[in-house]
Amino acid sequence: MESVSQWWQSRSLRDRIFRFCLHVILIVLGITFTVPMFWVFSTSLKTLGEVFIVPIEWLPREPQWRNYVEVFTLLPLTKFIMNTAKVTALGTVGTVLSSLLVSFGLSRLRWRWREAVFALVLGTMMLPGVVTMVPLFVMFSKVGWVNTHYPLWAPSWFGGAFYIFLMRQFMLGLPYEIDEAARIDGASTLRILFQVITPMCTSAITAVAIFSFLSHYNNFMGPLLYLSDNSKFTLPLGIYVYQGRFDEYWHLVMAVSVISVLPIFVLFWVGQRYFVQGVQMSGIAGR
Amino acid sequence: MLFSLYLVTQEWSILSPPEFVGLQNFARLAKEELVVVSLWNTSFYTFIAIPLQLAVAFVLALALNQNIKGRGVYRTIFYLPSITPAVASAVVWLQIFNTDYGVLNNLLGIFGIPALKWLWDPRLAKPAFILMSLWSVGPSMIIFLAALQNVPTEMLEAAEIDGANAVEKFRHITLPMVSPVVLFNMIMGIIGSFQVFTASFVMTGGGPQNATLFTVLYIYHLGFRMFDMGFAATLSWVLFLIIMLFTLLQVRLSDRWVYYEMG
């Protein structure tokens with residue numbers, strides 16, 4: 001292994017300057033990107049007085065962990081968290097199951113209108129949410145689902161176009177021989193799906209699960225439109241309410257923000273590889 | 001979808017049964033000043049934010065493509081902001097942009113720049129949103145990174161043997177090979193930007209003086225505050241058509257500059 005000085009001398013001057021500049025740029029940008037998040041966390045631990053000091057202090061004198069306790073008493077934060085968990089869990093499970101079923105039908109089975117249906121599914125993906133916002137609300141109010149959690153997770157059980165697309169592309173890459181072999185062995189179609197294909201799709205399933213989780217967790221407009229009872233709110237809506245009611249109490253609003261972001265950070269920490277893989281898969285599949 | 005089309009021909013305020021008004025809603029499109037305002041706001045935001053986002057994401061991806069230490073850390077730092085709930089981001093940036101106590105003005109103050117009103121100044125509000133949007137370039141960056149890593153090294157090596165320098169290699173090999181991905185990010189970005197809602201709803205409510213009244217926000221306002229469902233539906237179809245138009249336009253023009261390996 002060459003020594004440091006050998007390495008240093010073997011690089012041209014140009015290369016060294018390039019690498020140095022690169023590091024500088026990355027560090028500067030890295031700090032810029034991190035500043036907001038650091039500031040949120042730091043502010044969440046300040047006292048009210050410390051928040052409004054000019055010039056700002058970056059670190060609280062003494063971390064006020066009790067802020068985190070206080071935010072639970074001011075508004076039904078526990079309820080918000082439970083609601084969010086319920087909606088997200090139901091929605092994500094629904095999405096994964098339905099997209100597995102539909103994309104299987106669209107890729108592994110052969111039937112007359114397969115391509116037409118797929119085109120239709122793709123078409124709905126291109127429709128901006130805003131066009132269906134109003135009619136969906138009307139539909140849901142007619143069946144009495146307004147001010148319930150149903151509109152937030154039930155539609156996922158019928159499939160989401162993006163996830164179906166992703167899974168289908170992925171499934172198309174799997175060899176047909178496996179299906180045929182299973183059929184020869186006497187497996188029914190449903191069995192083929194669940195016991196043969198699904199285990200092969202784990203990376204696609206993980207990607208769909210992650211994106212669906214994020215999408216349900218972060219959903220703001222849905223709860224905004226459909227929920228009017230305070231006790232039914234989800235976290236995003238809860239943050240908004242906090243902002244509205246306690247907007248001078250920055251430290252509290254920041255504490256709520258940190259709480260809401262925590263599960264996602266943990267998920268990312270654990271499953272980083274899958275996140276990146278999922279983004280790449282959707283990006284490449286989206287071509 | 002069909003119901004939405006039907007709504008376009010009605011005037012309806014949820015509270016009472018719909019009234020058929022035919023194509024009157026279309027005529028209103030031309031009369032209501034806020035329609036043009038909201039479309040202008042949305043377009044301004046989209047067509048400035050997207051090129052900037054693409055540039056930043058691409059530069060970051062290029063940087064991360066080099067063999068440097070700490071790539072994983074940087075990748076995490078740049079990607080994390082994009083998965084935070086939009087509401088949380090909005091609330092945080094609301095305070096960052098605060099005129100007196102915000103982080104941004106404090107930092108600018110160090111360089112001697114006077115405090116700017118950002119979200120409370122009609123001229124600075126949209127640039128503020130654009131600035132904020134640059135924070136979430138994570139996913140685009142990762143997609144670009146994947147594309148960059150897919151550029152075949154044999155080609156680069158062959159070019160180097162033929163005497164190409166770094167700039168030439170970039171222009172003639174790297175860029176064309178990643179052009180389909182650039183197109184993808186651009187199309188997805190524009191579709192997404194045209195529908196900006198949460199941030200403007202939480203942070204400014206459309207102000208100051210309607211400077212951040214984006215179209216989706218306006219539609220929400222029309223439908224759920226003014227209960228003017230028919231007109232809201234009309235406007236949403238207009239937005240849809242505009243998005244479709246731009247998407248098709250981009251796909252058409254892409255033949256000129258996008259290079260596909262399969263031909």
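Q: Let's start where the chains meet. How many residues does the contact take from chain B and from chain A?
A: This is a predicted model, to be clear. In it, the contact takes 53 residues from chain B and 51 residues from chain A.

Q: And what classes do the residues on the chain B side divide into?
A: On the side of chain B that touches chain A, 41 residues are nonpolar, eleven are polar and one is charged.

Q: Can we zoom in on a helix pair? At what angle do H14 of chain A and H5 of chain B pack?
A: The angle is about 25°, and the axes are 8 Å apart.

Q: Is the crossing left-handed or right-handed?
A: Left-handed, as H14(A) passes H5(B).

Q: Which residues meet there?
A: From H14(A) you have Pro236(A), Ile239(A), Tyr240(A) and Gln243(A). They meet Val87(B), Ala88(B) and Val91(B) in H5(B). By class, that contact has six nonpolar residues, one polar and no charged ones.

Q: Switching topic: how many helices and strands are in chain B?
A: Chain B has 13 helices and two strands.

Q: What share of chain B is buried?
A: Buried residues make up 40% of its 263 residues.

Q: And what share of the contacts in chain B comes from residues 24 or more positions apart?
A: They account for 69% of the chain B contacts with a separation of 6 or more.

Definitions and conventions. Residues are numbered from 1 along each chain as its sequence is written. Chains are lettered from A and ligands numbered from 1 in the order in which they are written. This is a predicted model: local features need pLDDT of at least 70, side-chain atom pairs count only at pLDDT 80 or more; totals for chains, interfaces and linings use all residues. Helices (H or I, at least four residues) and strands (E, at least two) are DSSP runs, numbered from the N terminus. A residue is buried if 20 or more other C-beta atoms lie within 10 Å of its own, exposed if 12 or fewer, and partly exposed in between; C-beta atoms are placed from the backbone. Two residues are in contact if their C-beta atoms, placed from the backbone, lie within 7 Å. Ala, Val, Leu, Ile, Met, Phe, Trp, Tyr, Cys and Pro count as nonpolar, Asp, Glu, Lys and Arg as charged, and the others, Gly among them, as polar. Axes are lines fitted to C-alpha atoms, for helices over the stretch in contact, and angles run from 0 to 180 degrees between N-to-C directions. A crossing is left-handed if the near helix is turned anticlockwise from the far one by less than a right angle, and right-handed if clockwise.
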